[in-house]
Amino acid sequence: MPFVQKTNYGQEPSLQIRSKKDIKDFFVNLIPYIFISPFFILFVIFMLYPLIYSLVLSFSEWRAGTVTFVGLENYKKFFVDPLFWKSLGITGLILVVQVPLMLILATILATVLNSNSLKFKGVFRLAFFLPVLIDLVTYSLVFSLIFNENYGMINQFLGLFKIEPIKWISDEFWAKLLIIIALTWRWTGYNAVIILSGLQNIPKDLYESASIDGAGKITQFFKITMPMLRPVLLFCCILSTIGTLQLFAEPFVLTDGGPRHETTTIILYLYDKAFSSFDFGLASAGAYVLTTIIGILSYLQIRLSKGGEV
Amino acid sequence: MNKKKEFHKLLLYILALVGGTVSVFPFYWMFTASTLKEAQIFKVPPTLVPGDNFFVNLEKLENGWPIWKALFNSVFVSGITTVTTVLFSALAGFAFAKYRFKGRNLLFSVVLLVMMVPTQVMLVPMFIQMMNFGWTDTYYALILPFLVTPFGVFMMRQQMLSFPTELIEAARIDGCKDLGIFFKIVLPTMKPACAALGIVTFMHQWGNFIWPLTVINSREMYTLPLMLAMMVQPGQVVQYGPVMVGAVLGLIPMIILFLLFQKHFVSGIFSGSMKG
């Protein structure tokens, strides 16, 4: 599967160079360092240094440019902040509902696109893919127009069936659902394209021999398609999890974290701590906790699915 | 049996049509709303046909907000960071894939490790860094932190691994120097990979929101997403017509890019870095 090969970031199967002869010919002392230096100079200044500095900050108090060491104070402070736990819970809730929902829809769309009896495949594929082109702020704005509580198209449409206007922004349940709907719209086609390539990589003769053995379409789907798709689905799942944990633009534009912080995601919480309360130490500590969570989840997801060669 | 088949086919088309309509409709409504008067946008029942108010909305947008400057800023920032990311990543990726040097594994591990860290984690230290340099609210702040990405190096290295070593050897025998090999042989063959990385990078920068929101104050420095978000902030009188004109104008570069490089979008997707 060429696809899997391209996507296996995180682990590198082939750091060892193949044969010694290859190496001998290219062993020139300085050249590789010159090749990597433009990248590394910028990388160290603008990425590595901030990353290490933020670790220092997470154990410090930052006040008008002076940094004082305060030990674990920042970590303690937000571990007792109910809003931190709330934002963590909300992010988790959105994650747990949205990612499976989206992956199911994406698998359905991919199966549709993969079917032999569908005509105009290119057109449908393009349509499903279109949401990927729009940036997060812009599509959130369009959604805020469509889901406007008073005159939005969705509420008007529901009105035709005598359904009361839904409080998409001001009710905590519907506000969360709105964010889930928006995310699903934006990312389903993206995942469908990935899953489609996974489907296309399943050898056709597997299905043929299964048919000869008398397995029905549904049995085939669960006994052949699903197991074969597992690495691809896992890949999508990890990407989506990491992405959702960093959810920011959508709640910022659509609900502004409201009502009553009911759509405040972790990043929104941390952003507020950093740039409204200017508690840089606390925000840095939170950022490290978030990174740890992301790291652990990615690791678990890989471990949980055996043979997840992603 | 035949009936069952017909039913399958029907189901297939229903699913495809529903999926397609849901995907496309927000775009249609965005374009339509940009051509309507405010009252028409919120009319009951809704106006679903484009109107003729686009240029009036555009004028309103131009009068209230620096739309052209914001568009320029977005293109400028995304353009520069894309070019440098592709070039420097290709250089470093080539070295990591085809040379052996001291510290290579260690350096590459550091790149991989940092690649796992979300940008948001570095928001605060990056902001402090920009303050110390006195660069907040400038192009330096928008561009410099994004000139390279660890992901770019990772992706280029993966692609370069499959580059035939014999070709490099042959070129060396012909007397070609390392830089010459890179620019004359490696880079031209790696065009598809470069295009894929370029598109991913451009889209990522184009949509970058949290960073401009953090370091930019003055309207003249707004990028397009930041300007659009500011137009609907609490305290603004929100006029959706002009907002949607801005949204449409912001989508045009992306559509042009997509039409030019369609297949590279998909390979960019498989590199799996657009989300987040």
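Predicted model: local features only at pLDDT ≥ 70, side-chain atom pairs only at ≥ 80, totals over all residues.
1. Of the 310 residues in chain A, 40% are buried.

2. Secondary structure of chain A. Chain A contains 14 helices and two strands. One of the helices, H3, covers residues 31–58.

3. An unreviewed UniProt entry lists "transmembrane region" for residues 26–52, 88–114, 126–147, 177–199, 232–249 and 280–300 of chain A. Two of these spans may be described further. Residues 126–147 of chain A are 68% helix and 0% strand, and the C-alpha atoms at the ends of that span are 25 Å apart. Residues 232–249 of chain A are 83% helix, again with 0% strand, and their end C-alpha atoms lie 27 Å apart.

4. Contact between the chains. Chain A contributes 87 residues to the contact and chain B contributes 81 residues. On the side of chain A that touches chain B, helix H3 of chain A gives the most, with 17 residues. By residue class, that side of chain A comprises 65 nonpolar, 17 polar and five charged residues.

5. For chain B, UniProt lists residues 71–261 under "domain: ABC transmembrane type-1", and the entry is unreviewed. In the model, this span of chain B is 74% helix and 0% strand. The end C-alpha atoms of residues 71–261 of chain B are separated by 21 Å.

Definitions and conventions. Residues numbered from 1 in each chain as written. Chains lettered and ligands numbered in written order. UniProt positions renumbered as here; feature names shortened; annotations may be inferred. Helix = DSSP H or I, 4+ residues; strand = E, 2+ residues; numbered from the N terminus. Contact = placed C-beta atoms within 7 Å. Nonpolar A, V, L, I, M, F, W, Y, C, P; charged D, E, K, R; others polar. Buried ≥ 20, exposed ≤ 12 C-beta atoms within 10 Å, placed from the backbone.
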